[in-house]
There are 2 protein chains.
Amino acid sequence: MRDRSIFAGLNTEELRSLGMEVQDIACHQGDVLYRKGDSARHAYTLRTGAVKLVKSLENGREVIIRLLHRGDLLGFEGMQDAQHRHAAIVLAPSQLCRLDLAELQRLSERLPKVQEAIRQRWQQALQSSEDHIMELGAKRAEARLATFLLQWAEHYPRLRSLPFPLSRPDLAAFLGLSTEHVSRIMADFKRHAFIQEQRGHLEILAPQSLAELAGKWPDHKPD
Amino acid sequence: MRDRSIFAGLNTEELRSLGMEVQDIACHQGDVLYRKGDSARHAYTLRTGAVKLVKSLENGREVIIRLLHRGDLLGFEGMQDAQHRHAAIVLAPSQLCRLDLAELQRLSERLPKVQEAIRQRWQQALQSSEDHIMELGAKRAEARLATFLLQWAEHYPRLRSLPFPLSRPDLAAFLGLSTEHVSRIMADFKRHAFIQEQRGHLEILAPQSLAELAGKWPDHKPD
DNA sequence: CGCCTCATTGAAGCATGTCAAGGTGAGTGG
DNA sequence: CCACTCACCTTGACATGCTTCAATGAGGCG
């Protein structure tokens with residue numbers, strides 16, 4: 001596990017031998033990796049667990065811009081901006097690797113592979129953001145939530161009972177809805193026996209039904 | 001104008017001398033640069049004009065994922081995906097440069113500067129997508145529209161009358177609203193003399209008022 | 001214990017979507 | 001040149017999805 005490639009096909013040892021300072025970090029729920037506006041010193045790779053990237057409106061309302069899973073990178077915006085664009089908050093017990101940004105910068109100039117790897121991750125992030133835009137722009141609450149649950153499940157293949165460290169406010173902040181509305185829909189899903197929930201774990205009982213809901217649009221009843 | 005750097009600090013001549021096939025292209029409204037699913041052969045830089053990137057839901061409903069302005073790049077997802085992720089449609093008379101993706105790929109492996117430049121643009125795109133997510137997730141229609149108009153204006157500094165090639169359906173598809181609702185709000189803005197519109201041109205009369213609206217949130221009245 | 005935050009539910013209000021109708025303007029074929 | 005069409009814009013009336021406010025209960029934690 002310690003030997004698996006953590007970034008750009010390189011594992012911890014190899015990165016270290018290239019002069020990179022790599023630090024293993026263990027976090028638990030609620031830990032703040034960095035806040036919006038912090039000067040960007042480190043980037044991270046998420047080895048296990050889950051992290052949310054949060055942006056706040058002047059108003060105090062928070063929006064979750066992206067949810068990170070095992071294998072995702074974060075904090076790399078520091079390669080161009082001096083400061084972090086959002087806050088990174090740990091959702092579930094996680095293990096991360098912390099990389100020094102300045103050294104990463106130098107490394108990427110020497111190793112095109114690294115540069116390439118970073119670009120690739122950025123494209124992934126962009127794609128997921130664009131998908132999210134579609135969800136927010138075109139679907140209704142029920143469909144957004146259904147889509148989201150199915151996507152979440154994809155991150156834990158061959159697992160019946162999924163880790164699900166998201167609170168209702170979290171879900172609301174990610175899906176652009178009110179806490180109450182999310183709660184109502186989740187309760188509905190449970191009543192219809194589409195899902196089952198207990199102590200931070202989620203089980204999807206009727207993926208088929210959720211998939212139908214996910215593809216249902218405001219303006220069109222398929223029958 | 002022909003000599004200005006079009007990409008990664010290189011102008012047309014320099015790119016050509018590096019073996020890159022560069023083609024100047026002139027387009028007008030409605031031209032389709034590529035469609036979603038087209039195999040990705042070319043990337044483009046937008047020299048003047050405006051382009052929309054569109055994704056369709058299975059339902060037929062269209063969402064504008066991103067709006068491109070002078071200096072923006074498009075089609076670069078082809079460097080990793082074999083196919084384009086969205087359709088690119090020209091909104092206003094535009095001049096573009098078309099680059100061969102395969103050659104660009106090779107070039108970027110030889111020139112770190114190019115790789116770097118592409119990564120930078122990707123980050124910009126990601127940032128703008130994330131901002132868009134915030135708009136869709138946290139603001140109401142009036143505020144979204146106000147924000148959008150002000151942002152649009154920023155792309156045409158020192159211009160009183162802005163080119164504004166967006167139809168109401170376009171605005172709706174970008175802001176995640178219905179055409180009618182957009183129309184109503186725009187009419188409101190005109191009645192309040194915040195803006196003025198004529199034949200594809202827009203004038204912002206009261207940026208201050210729009211800015212106030214843009215910062216107004218559903219749950220909080222500032223007074 | 002007492003104080004949080006979270007989850008759930010109800011009732012009411014408002015924002016936005018839907019449906020429908022009529023008006024304009026641009027392009028097209030006669 | 002005209003008439004036709006078609007996409008777009010606007011407006012109204014209505015339906016509904018979603019939020020807000022309020023109240024309650026349940027679990028974590030000092």
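Residues are numbered from 1 along each chain as its sequence is written, while chains are lettered from A and ligands numbered from 1 in the order in which they are written. Because the model is predicted, local features need pLDDT of at least 70 and side-chain atom pairs count only at pLDDT 80 or more, whereas totals for chains, interfaces and linings use all residues; side-chain values use heavy atoms, with hydrogens and water left out.

**The interface of the two chains**

Between the chains, 41 residues of chain A are in contact with 41 residues of chain B, contact meaning heavy atoms within 4.5 Å. The area buried between chain A and chain B is about 4200 Å², with 57% of it given by carbon and sulfur atoms; buried area is the accessible area (1.4 Å probe) that two parts lose on being put together, summed over both. Arg119(A), Gln123(A) and Ile133(A) supply 18% of the area that chain A buries against chain B, more than any other three residues.

Six salt bridges are found across this interface, each a side-chain nitrogen of Lys or Arg within 4 Å of a carboxyl oxygen of Asp or Glu. One of them joins Lys55(A) to Asp131(B), whose closest N and O atoms are 2.9 Å apart. The side of chain A that touches chain B draws at least two residues each from strand S3 (42-56), strand S4 (62-68), helix H2 (101-110) and helix H3 (112-138) of chain A, the elements being DSSP runs numbered from the N terminus (helices H or I, at least four residues; strands E, at least two). H3(A) gives the largest share of that side, 19 residues.

**The surfaces near the DNA**

DNA strand C is surrounded by 19 residues, the closest being Arg168(A), Pro169(A), Lys190(A), Arg140(B) and Ala141(B); a residue is near a strand if one of its heavy atoms lies within 4 Å of it. Of the atoms of DNA strand C within 4 Å of the protein, 65% belong to sugar or phosphate and the rest to bases. H6(A) gives the most to the surface near DNA strand C, with six residues.

DNA strand D is likewise surrounded by 19 residues, and here the closest are Ala141(A), Arg184(A), Arg168(B), Pro169(B) and Lys190(B). For DNA strand D, 64% of the atoms within 4 Å of the protein belong to sugar or phosphate, the rest belonging to bases. The most is given to the surface near DNA strand D by H6(B), with six residues.

| Protein atom | DNA atom | Distance |
|---|---|---|
| Lys190(A), polar side-chain atom | phosphate oxygen, DNA strand C | 2.7 Å |
| Arg140(B), side-chain N or O atom | phosphate oxygen, DNA strand C | 3.2 Å |
| Ala141(B), polar backbone atom | phosphate oxygen, DNA strand C | 2.8 Å |
| Ser178(A), polar side-chain atom | phosphate oxygen, DNA strand D | 3.0 Å |
| Glu180(A), polar side-chain atom | base nitrogen, DNA strand D | 3.3 Å |
| Arg191(B), side-chain N or O atom | phosphate oxygen, DNA strand D | 3.4 Å |

**An aromatic pair in chain B**

The whole structure holds 12 aromatic pairs over all chains, where rings of Phe, Tyr and Trp (its six-membered ring) pair if their centres lie within 6.5 Å, and planes under 30 degrees apart count as stacked, over 60 as edge-to-face and the rest as tilted. The rings of Phe148(B) and Trp152(B) have centres 5.9 Å apart and planes at 45°, so this pair is tilted. Both residues, Phe148(B) and Trp152(B), lie in helix H4 (residues 141-154) of chain B, four residues apart, about one turn of the helix.

How values were computed. A polar contact is a pair of N or O atoms within 3.5 Å; within protein, one must be able to donate a hydrogen and the other to accept it, and residues adjacent in sequence count only if both atoms are side-chain atoms.
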